[in-house]
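Give the cut-offs behind each term along the way.

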Amino acid sequence: MTVTTVSPWFIRQPSTAHPSRIFCLPFSGAGASAFNGWPAALGDTEICPVQFPGRENRLAHPHYGTYENLADGLVEALTPTLDRPFALFGHCAGALPAFEAVVRLAARGLPGPECLFVSGQPAPHDASRDRMLAMSEPELRQEVAAFLRGRGIDPRPDMIDMGLSVLLDDHAAAARYRRSEPVRLACPIVVVHWRDDPEVSLDELAGWRHYSDSVQFRVVAGGHYDFMDAPDELRDLLTTWR
């Protein structure tokens with residue numbers, strides 16, 4: 001059985017077959033397909049990939065514009081699903097709207113997550129240091145091509161053009177985002193660092209310690225995009241909150 005409210009925010013509607021859920025948010029330029037390599041569930045916890053507007057099967061939907069708008073829309077989509085324990089997982093820039101959604105859930109008096117998992121992303125007040133924010137459009141095009149090659153995909157010009165179009169809009173939203181001061185969350189935060197990640201060092205993740213009374217830093221094997229393959233070490237980590 002699935003949640004009765006059909007939402008474009010989920011590529012498959014959350015079901016009632018599992019006692020808990022993890023909502024998974026992708027990185028800039030990506031969609032819910034970033035989690036295609038993940039299982040449908042980890043133990044008794046359902047995996048629920050989130051689809052942002054303006055990409056993949058939501059390409060015709062207006063881009064969210066800002067992380068604040070994205071978080072507002074996500075909270076609306078999550079509200080009918082808050083009938084059981086849940087966690088949020090956000091990789092890279094996806095961790096920022098995940099964080100903003102937790103802030104908004106608390107402000108509205110709605111149930112919050114049991115845990116927030118943030119992967120390969122500096123804390124909100126450090127987000128402006130992202131090296132990609134200083135990149136030109138040609139440099140971003142090279143990033144898209146390199147990402148596709150890294151996933152074993154031939155980077156055809158039409159694929160690069162489509163990926164770049166999404167990335168530029170997401171990149172603009174990232175450039176607009178500002179959180180000058182930490183906000184304390186009620187839930188624990190687990191910060192995931194990928195040992196071979198050239199994008200973000202463990203020291204650059206340290207700012208998350210100001211966002212909860214319970215912050216754990218976990219180092220796992222792999223590079224920046226290896227989360228897409230749902231390695232065993234990450235799977236085990238994502239079951240620790242239950």
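V192 has R218 in β7 as its bridge partner. The model is a predicted one, in which local features need pLDDT of at least 70 and side-chain atom pairs count only at pLDDT 80 or more, while totals for chains, interfaces and linings use all residues. Residues are numbered from 1 along each chain as its sequence is written, and side-chain values use heavy atoms, with hydrogens and water left out.

The strands β6 and β7 run parallel and are joined by six bridges. Strands here are DSSP runs of E with at least two residues, helices are runs of H or I with at least four, and both are numbered from the N terminus. Two strands count as paired if DSSP finds at least two bridges between them. In general, the strands of a sheet pair through backbone hydrogen bonds, either parallel or antiparallel.

The sheet is open and has seven strands in the order β2-β3-β1-β4-β5-β6-β7, with mixed pairing. Its edges are β2 (41-42) and β7 (215-220); each has a single partner strand, so one side of each is left without a neighbour in the sheet.

H193 belongs to strand β6, residues 189-194. With a relative accessible area of 9%, H193 is buried; the term means under 20%, exposed means over 50%, and partly exposed lies in between, using a 1.4 Å probe and protein chains only. Leaving aside neighbours within four places in sequence, H193 is in contact with V200, S201, L202, L205, R218, V219 and V220. Contact means heavy atoms within 4.5 Å.

Helix α2 lies across β1 (20-25), β4 (86-91) and β5 (115-119), and runs at about 150 degrees to β4. For such angles, axes are lines fitted to C-alpha atoms, for helices over the stretch in contact, and the values run from 0 to 180 degrees between N-to-C directions. V102 is a residue of α2, which spans 95-107, and counts as buried at 7% relative accessibility. Not counting residues up to four places away in sequence, V102 touches L88, P113, L185 and C187. Between the C-alpha atoms of V102 and L205, which are 103 residues apart along the chain, the separation is 19 Å.

The largest nonpolar core has 41 residues, of which Y67, L116 and W208 touch the most other members. A nonpolar core is a set of buried Ala, Val, Leu, Ile, Met, Phe, Trp, Tyr and Cys residues joined through side-chain atoms within 4.5 Å. Two or more residues of this core come from each of β1, α1 (67-78), β4, α2, β5, α4 (157-176) and β6. The most come from α2, which gives eight. Apart from residues up to four places away in sequence, L116 touches L88, A98, F99, L185, C187, P188, I189 and V190. A second, separate core of 25 residues includes A34, A87, F89 and V192.

Aromatic rings come next. The whole structure holds 17 aromatic pairs. Rings of Phe, Tyr and Trp (its six-membered ring) pair if their centres lie within 6.5 Å; planes under 30 degrees apart count as stacked, over 60 as edge-to-face and the rest as tilted. The centres of the F10 and F23 rings are 5.7 Å apart and their planes are at 40 degrees, so this pair is tilted. F10 sits in the segment before β1 and F23 in strand β1, 13 residues apart. Both F10 and F23 are buried. F27 and F147 form an edge-to-face pair, with 5.7 Å centre to centre and 70 degrees between the planes. This pair links F27, in the loop between β1 and β2, with F147 in helix α3 (residues 137-150), 120 residues apart. Ring pairs also link F27, F35, W38, F89, F147, Y225 and F227 into a cluster.

Two loop residues remain. Q121, in the loop between β5 and α3, is buried with a relative accessible area of 5%. Residues up to four places away in sequence aside, Q121 touches C92, A93, A95, L96, A127, L205 and W208. C92 is in the loop between β4 and α2, and its phi is near 50 degrees, a positive value in a residue other than glycine.
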